[in-house]
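Work through the exercises below with the coordinates open. Try each task before you read its solution.

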Amino acid sequence: MATKEEISQVKELDLMELVMDSDVHYRKERDHLKMNCIFHNEKTPSLGIYEDHYYCYACGANGDVISWAQQAFEVSFGEAVNILIKHIKEKNENENKKSE
């Protein structure tokens, strides 16, 4: 079970950075990313990814980094938090290795 502190850290993750680190195709706009919505089939990108939330201008899907992980990985809230905590730890380990 994740602690309140860990959940707070997860909520501070930059969703744009998380998406850019994944294997999805996106287009970089001025202040956000644009991609095909993962919640419905479409040919024209309508999903906006911002630092702290996402919003689909076609179907209305929206949320924060945790709900993104829940939907993208088809997992529960707790499982999504654990996936994101693991991501934070791996990122910190990689940054520590680079600075050595």
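Two exercises follow, on a predicted model.

**Exercise 1. Salt bridges**

Task: Find how many salt bridges the structure holds, and which residues form them.

Solution: 
1. Apply the cut-off: a side-chain nitrogen of Lys or Arg within 4 Å of a carboxyl oxygen of Asp or Glu.
2. The search gives two salt bridges.
3. One pairs Lys91 with Glu17, with the closest N and O atoms 2.0 Å apart. This pair links distant parts of the chain, 74 residues apart. Lys91 sits in helix H4 (residues 77-99), and Glu17 in helix H2 (residues 15-20).
4. The other pairs Glu29 with Arg27, at 2.7 Å between the closest N and O atoms.
5. Lys91 has 27%, so Lys91 is partly exposed. Glu17, at 30%, is therefore partly exposed too.
6. Glu29 is partly exposed because its relative accessible area is 27%. Arg27 has 43%, so Arg27 is also partly exposed.

**Exercise 2. The largest pocket**

Task: State the volume of the largest pocket. Then describe its lining by position, element and residue class.

Solution: 
1. The volume is about 340 Å³.
2. The lining has 14 residues. Closest to the pocket centre are Leu18, Ser22, Phe73, Ile83 and His87.
3. Sort by element. H2, helix H3 (65-73) and H4 each give two or more residues. H4 supplies the largest share, five residues.
4. Sort by class. Nine lining residues are nonpolar, two are polar and three are charged.

Notes: Residues are numbered from 1 along each chain as its sequence is written. This is a predicted model: local features need pLDDT of at least 70, side-chain atom pairs count only at pLDDT 80 or more; totals for chains, interfaces and linings use all residues. Side-chain values use heavy atoms; hydrogens and water are left out. Helices (H or I, at least four residues) and strands (E, at least two) are DSSP runs, numbered from the N terminus. Buried means under 20% relative accessible area, exposed over 50%, partly exposed in between (1.4 Å probe, protein chains only). On a 1 Å grid over the protein atoms alone, a cavity is a set of points where a 1.4 Å probe fits but cannot get out, and a pocket is an open set with protein on both sides within 12 Å along at least five of seven lines; lining residues have an atom within 4 Å of a point. Grid points are joined across faces, edges and corners, and a volume is the space filled by probe spheres set on the points. Ala, Val, Leu, Ile, Met, Phe, Trp, Tyr, Cys and Pro count as nonpolar, Asp, Glu, Lys and Arg as charged, and the others, Gly among them, as polar.
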